[in-house]
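Please look over the sequence and the structure shown here before reading the report. The headings can be taken in any order.

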Amino acid sequence: MARVRAGDVVLHYEEVGDGEPLVLVHGSWNDHHAWQAAVEADLKASFRVVAYDRRGHGRSEAVPGQGTRRQDEDDLAALIEALGMAPAHVAGNSFGAATAVGLAARRPELFKTLTLHEPPLVALVLDDPASMSQLRPVMGTIDAVKDLLRKGEDAAGAKLFVEGVALGPGAWETMPEPLRDTFITHAQTWLDEQQDPAWSALDLDALGACAVPVLLSHGTESPAWFTTVLDRLAAALPHARRHTFHGAGHIPHMTHPQEYAQVLTGFARGA
């Protein structure tokens, strides 16, 4: 079992392959296993791949008290430095993408490239009427999920999130039992993330100093407001490129692992 201390927490990670370093940052409700299909498909042939569990996820420690995305960013920095990986290729999905880009705005020297898929940086689109018309119903469902989790009804909250926010009605029963268990296990960690006042914010002015190549991607099956978030990031970043995963949604590294691995590898090599 590979572990590294990052400040006040011990993080679990898995490492495979040789080549330039690549760090994978997972989203909410899951852990490093979310990357397994893409690693096997095959990122491990091109990179020294490190996939880790963020604090409160998987086998990594959870620290009492309210957590922040800033802590996740600092954990990522500590991991990269402790393993001697700087500058590293870094890829993040969802909240993991928000974590990675947040760190890039503060510590760009740690990155060789940055690949981001649909960071849910809602604060960047609060002034966009089209995005907010899509987000308001979702926010209502998310509030209902939070209410269930505050009552300790983790299974009910996870099911509502899956069917009301992430995948649609009926999806919960079609999911393999281990995947349902993963959602339930991480329900309280997701609630903690949501209660961080700055979880969806980003300093776009500071991000403008990040001169590393950045790939911003979205899936055609995802809500359009994610595209608006990427538009705001692209306008701030001096070296941003875009990619669309056709037929994919919020987790292309899981649903389209071969394509995801090819896109990430091609981008990193080109950069």
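## Basis of the report

The structure is a predicted model, and every value that follows was computed from it. Residues are counted from 1 along the chain as its sequence is written.

## Helix α3

Helix α3 is made up of twelve residues, 95-106, which at 1.5 Å a residue should span 16 Å, and the C-alpha atoms at its ends lie 17 Å apart, in agreement with that expectation. The helix is mostly covered, since eleven of its twelve residues are buried. The buried residues include Phe95, Thr99, Val101 and Leu103, together with Gly96 and Gly102 and with Ala97, Ala98, Ala100, Ala104 and Ala105.

What do these buried residues of α3 pack against? Their partners are the strands β3 (20-25), β5 (88-93) and β6 (111-117), and also the helices α2 (69-82), α8 (187-194) and α9 (204-207).

## Salt bridges

Side chains of opposite charge can pair when their charged atoms come close. With a cut-off of 4 Å between a side-chain nitrogen of Lys or Arg and a carboxyl oxygen of Asp or Glu, the model has 17 salt bridges. One of them joins Lys44 to Glu40, with 2.8 Å between the closest N and O atoms. Lys44 is partly exposed at a relative accessible area of 29%, and Glu40 is likewise partly exposed, with a value of 45%.

Arg54 and Asp72 form a salt bridge through their side chains, at 3.2 Å from N to O. Because Arg54 lies in the loop between β4 (47-52) and α2 while Asp72 lies in helix α2, this pair ties together parts that are 18 residues apart in sequence. Both Arg54 and Asp72 are buried, in contrast to Lys44, which is partly exposed.

A salt bridge also links the side chains of Arg70 and Asp74, where the N to O distance is 4.0 Å. Arg70 and Asp74 stand four residues apart in helix α2, so about one helical turn separates them. Arg70 counts as partly exposed at 48% relative accessibility, and Asp74, with a relative accessible area of 38%, is partly exposed as well. These two residues belong to a network of salt bridges that also takes in Arg69, Glu73 and Arg106.

## The largest pocket

The largest pocket has a volume of about 1200 Å³. Its lining consists of 44 residues, and those nearest its centre are Ser94, Phe161, Val165, Ala166 and His250. Which helices each supply at least two residues of this lining? They are α4 (129-150), α5 (154-166), α7 (177-185), α8, α10 (225-236) and α11 (252-255), and α4 gives the most, with six residues. By residue type, the lining of the largest pocket divides into 24 nonpolar, 16 polar and four charged residues.

## The second largest pocket

The second largest pocket holds about 240 Å³ of space. It is lined by 19 residues, of which Arg55, Val63, Gly65, Gly67 and Asp192 lie nearest its centre. Helices α2 and α8 each supply at least two residues of this lining, with α8 giving the most, namely four. The lining of the second largest pocket comprises four nonpolar, nine polar and six charged residues.

## Two single residues

Gln36 is placed in helix α1, which covers residues 36-39, and with a relative accessibility of 46% it counts as partly exposed. Between Gln36 and Leu103 there are 67 residues in sequence and, from C-alpha to C-alpha, 24 Å in space; Leu103 is one of the buried residues of α3.

Is Ser131 buried or exposed? Ser131 is buried, because its relative accessible area is 2% and the cut-off for a buried residue is under 20%. Ser131 lies in helix α4, the helix that gives the most residues to the lining of the largest pocket. When residues up to four places away in sequence are not counted, Ser131 touches Val125, Trp225 and Thr228.

Methods:
This is a predicted model: local features need pLDDT of at least 70, side-chain atom pairs count only at pLDDT 80 or more; totals for chains, interfaces and linings use all residues. Side-chain values use heavy atoms; hydrogens and water are left out. The expected span of a helix is 1.5 Å times one less than its number of residues. Buried means under 20% relative accessible area, exposed over 50%, partly exposed in between (1.4 Å probe, protein chains only). Contact means heavy atoms within 4.5 Å. On a 1 Å grid over the protein atoms alone, a cavity is a set of points where a 1.4 Å probe fits but cannot get out, and a pocket is an open set with protein on both sides within 12 Å along at least five of seven lines; lining residues have an atom within 4 Å of a point. Grid points are joined across faces, edges and corners, and a volume is the space filled by probe spheres set on the points. Ala, Val, Leu, Ile, Met, Phe, Trp, Tyr, Cys and Pro count as nonpolar, Asp, Glu, Lys and Arg as charged, and the others, Gly among them, as polar.
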